[in-house]
Amino acid sequence: MKKALITGITGQDGSYLAEFLLKKGYEVHGFMRRSSTEPLLRLQHLMSEGLTLHMGDLRDAPAIERIIAKVSPDEIYNLAAQSDVGISFQCPEESFATNYEGVGNIVTAALLHDPSVRIYQASTSEMFGKTNPPQHEQSPFQPVSPYGEAKLKAHEEYVVGYRKKHSMHVSAGILFNHESPRRGKHFVTRKITHSLAKVVLGLQSHVTLGNLEAKRDWGFAGDYVEAMWLMLQQEKPDDYVIATGESHSVREFVESAANALGMALTWEGTGLKEVGKDRHGNIVVRIDEKFYRPAEVDYLLGDATKAKEKLGWSPRTTFQELVDIMVASDLRDAKYEEIKAKI
C-alpha cells in the first residue's frame, strides 16, 4: 500500500485529493496548521475512512522532518500555501515564508530522509503575471504579486533546482484558477456564489466586488487533483500547466451565477459607479476600489496540451457546470442559514 502525505489538507485541493487517493487504496496522511479548525468538518468522513492528521506548520522545519520520518511517505503533495493573492500584498513576509521557505523545508527533509520520495509542488498561473496568453510551460514568468514571486522562487530553486542538483522526483503543477464549493468565501468566485445565493433569499442586499474585467481560466478543483496524482506516476519528473483552455471575466462569472439563480442582471453606470441590478431594479452588485489589487493580472489562459498528451489528462467539468455546482451548494447553505435564523 502506497503512503501519501498531503500538506494543506484542510484546503479545497487537499480534501479532494485525499478523497481521490483513499479511493486508490493509499494510506493517506494530512498535515495541517493548528489554527485550521473550521475546514475539519469536511475531513471527518475521510478520517473515518483512514485519513490520519498531523499538526504542524510548514515554516517549522523540525516539525516537517519529524512527520516525514514518522510517515515515511512514498509521495508528498505540497498544497499548503498562503494562497490569497490580495492578502500577499498586505503580508508579503508571510507569503514568502510559507510559499518559498516552507517548500524548502519539505524538499530538504525529504532529501535527508528518503531522496527517492516523489514530490508534487503546487505552483501557480500567477507566476506568469503579465505574460501574454495563452500561457504554457515554455512561456516566460513575470509575476506581479508577492504571492507569485514567492511561488516562482520556490519553483526555480526547489523544483527545477533539486531535480538538477539531487536528481529528485519533484514535479510542479502550474495550475490555473480552480474552484469548488469548498473554496474559501474570501475568494472572488465563492464570494460571488455565496453572496448572490443570500441575496436571492433576502439574507443580504448586495455583493461588493473589484475589477470585473479581470479574466481567468477557471476549472473545477475536483478535476485538477487527478492531474497532481498523474504527475507522480510518471517515470521522470516534469512541470505541467493544468487548465481548461477557456477564459472568462469576473463579470461573466457574476452573470452566470446570477442566471443560475434565476436573477438576470442589467448593468448601469461606469467605473466605480457601475452597478448590477435585478429585474426589479434592485442593486445587487456594487464596485469598490478597495477590492482592486495594487497590481492586477489582467488575463490568464492556460494551454494544457502537454498534460493532455503526456498525462492523458483533460478537464471534465465545463465553466457553466462549475458555476452551477457552486451556486447549488451555496443556495443549500444559505437556506440552512435562513432556517437557523428563524428558529
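Predicted model: local features only at pLDDT ≥ 70, side-chain atom pairs only at ≥ 80, totals over all residues.
Trainee: How are helix α5 and helix α6 oriented to each other, roughly parallel or roughly antiparallel?
Mentor: Helix α5 covers residues 92-113 and helix α6 covers residues 146-166; their axes lie 8 Å apart at an angle of about 15 degrees. Angles under 35 degrees count as roughly parallel. The orientation of α5 and α6 is therefore roughly parallel.

Trainee: Of which handedness is the crossing of α5 and α6, left-handed or right-handed?
Mentor: The two helices pack with their axes 8 Å apart. Their crossing is right-handed.

Trainee: How many nonpolar, polar and charged residues does the contact of α5 with α6 have?
Mentor: On the α5 side the contact includes Phe96, Tyr100 and Val103, and on the α6 side it includes Lys153, Tyr158 and Tyr162. Sorted by class, the residues of this contact are 12 nonpolar, 5 polar and 3 charged.

Trainee: Which residue lies over the face of Tyr100?
Mentor: Tyr100 belongs to the α5 side of the contact with α6. Ring pairs also join Tyr100 in a cluster with Tyr158 and Tyr162. At 5.1 Å from the ring centre of Tyr100, the residue over its face is Lys153.

Trainee: Over the ring of which residue does the charged end of Lys306 sit?
Mentor: A charge is counted over a ring if NZ of Lys is within 6 Å of the ring centre and within 35 degrees of the ring normal. The charged end of Lys306 sits 5.0 Å from the centre of the ring of Tyr240.

Trainee: How is α7 oriented to α9, roughly parallel or roughly perpendicular?
Mentor: Helix α7 (residues 188-200) and helix α9 (residues 250-260) have axes that come within 10 Å and cross at roughly 30 degrees. That crossing angle is why α7 and α9 are described as roughly parallel.

Trainee: How many charged residues does the contact of α7 with α9 have?
Mentor: Val188, Thr189, Ile192, Thr193 and Leu196 of α7 meet Val250, Phe253, Val254, Ala257 and Ala258 of α9. By class, this contact has 8 nonpolar and 2 polar residues, and the charged residues number no residues.

Trainee: Is the peptide bond from Pro133 to Pro134 cis or trans?
Mentor: Pro134 is in the loop between β5 (118-124) and α6. The bond from Pro133 to Pro134 has omega near -5 degrees and is cis.

Trainee: What is the phi of Ser72?
Mentor: Ser72 is found in the loop between α3 (61-71) and β4 (75-78). Although Ser72 is not a glycine, its phi is positive, at about 50 degrees.

Notes:
Residues numbered from 1 in each chain as written. Heavy atoms only, no water. Axes fitted to C-alpha atoms, helices over the stretch in contact; angles between N-to-C directions. Helix = DSSP H or I, 4+ residues; strand = E, 2+ residues; numbered from the N terminus. Parallel < 35°, antiparallel > 145°, perpendicular 65-115°, else oblique. Left-handed = near helix turned anticlockwise from the far one by under 90°. Contact = heavy atoms within 4.5 Å. Nonpolar A, V, L, I, M, F, W, Y, C, P; charged D, E, K, R; others polar. Phe/Tyr/Trp six-rings, centres within 6.5 Å; stacked < 30°, edge-to-face > 60°.
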